[in-house]
Amino acid sequence: MTPASIDDLMTDVAVPTTAAHAFDPAAGLRRLAAEAARPRRAPELAQARLSRQRLGVVCRWVLHEPNAAAHVDRLARGQSSPSPQRAEDFLDIEGALIFACLLHLTGHCDSAQFWWQLAAGAGLRAADYCLHLHHAGRGELREAQHWFNQANREPSEAGAPPVDGLFNLLSVFTQYVRRHGSNASGVPTKSLEAEVDRLASSGGCGIVSRPDRRLAAELYEFTGRR
């Protein structure tokens, strides 16, 4: 079986949508223009700022996980299992989440949204929650509520639980960062950021494509784990 193209992955690992949440670029642009023109109240601005802060903490936490580099390495190699049987098996789902968080932390937020959606479409609830915070930070409350509902939906037969304990985990991580300083916070280094920018400049569609082994090697160096 040959590796699946990104178009195949987008088809087979699509984000489930309903008519109410189908992506309409023109409608999205009109909504963004209306949102930009609408004066924001102080509580709305504060909530958006808090969501952006929480998303930054989540992304640094994800990037600091022990197996982060290994998952991105598998994503770069193009398969998540030794004997892939389906197109989804060519996509390391955790790697997609981690790569999205790295993209967010390096300022490629639209690309981060794309990779979070791939991970969310494959059932990863942490990606749902990242999308909730991503849209809430932009003041896109309808989209934010949709992804919050997705993150807290009833467990399937496969059985991933809702993200009930996530705020507690974030609190623990925040305290850890305060104790140990910014070196423990998972903020990308300049060399890691440069590798992401290299990937971004090599693509022609405006979305950062699948990571490569060179980026994975830099992430191993960043995390100090092989």
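V196 sits in helix α10, residues 190-202. Helices here are DSSP runs of H or I with at least four residues, strands are E runs of at least two, and both are numbered from the N terminus. This is a predicted model, in which local features need pLDDT of at least 70, side-chain atom pairs count only at pLDDT 80 or more, and totals for chains, interfaces and linings use all residues. Residues are numbered from 1 along each chain as its sequence is written, and side-chain values use heavy atoms, with hydrogens and water left out.

**Around V196**
- V196 is buried, at a relative accessible area of 0%. Buried means under 20% relative accessible area, exposed means over 50%, and partly exposed lies in between (1.4 Å probe, protein chains only).
- Apart from neighbours within four places in sequence, V196 touches L102, L103, T106, H108 and L215. Contact means heavy atoms within 4.5 Å.
- T106 is 90 residues from V196 along the chain, yet their C-alpha atoms are 7.5 Å apart.

**Helices α4 and α11**
- The axes of α4 (residues 68-77) and α11 (residues 213-223) come within 9 Å and cross at roughly 175 degrees. Axes are lines fitted to C-alpha atoms, for helices over the stretch in contact, and angles between N-to-C directions run from 0 to 180 degrees.
- That crossing makes α4 roughly antiparallel to α11. Angles over 145 degrees count as roughly antiparallel, under 35 as roughly parallel, 65 to 115 as roughly perpendicular, and the rest as oblique.
- On the α4 side, the contact is made by A68, A69, A70, V72, D73, A76 and R77. R213, A216, L219, Y220 and T223 supply the α11 side.
- By class, this contact has 8 nonpolar, 1 polar and 3 charged residues. Ala, Val, Leu, Ile, Met, Phe, Trp, Tyr, Cys and Pro count as nonpolar, Asp, Glu, Lys and Arg as charged, and the others, Gly among them, as polar.

**Aromatic pairs**
- The count is 2 aromatic pairs. Rings of Phe, Tyr and Trp (its six-membered ring) pair if their centres lie within 6.5 Å; planes under 30 degrees apart are stacked, over 60 edge-to-face, and the rest tilted.
- F99 and W115 are edge-to-face, with centres 5.3 Å apart and planes at 75 degrees.
- F99 lies in α5 (residues 93-105) and W115 in α6 (residues 109-121), 16 residues apart.
- F114 and W115 are also edge-to-face, at 5.6 Å between centres and 90 degrees between planes.
- F99, F114 and W115 form one aromatic cluster.

**Whole protein**
- The protein has 11 helices and 0 strands.
- Of its 226 residues, 40% are buried.
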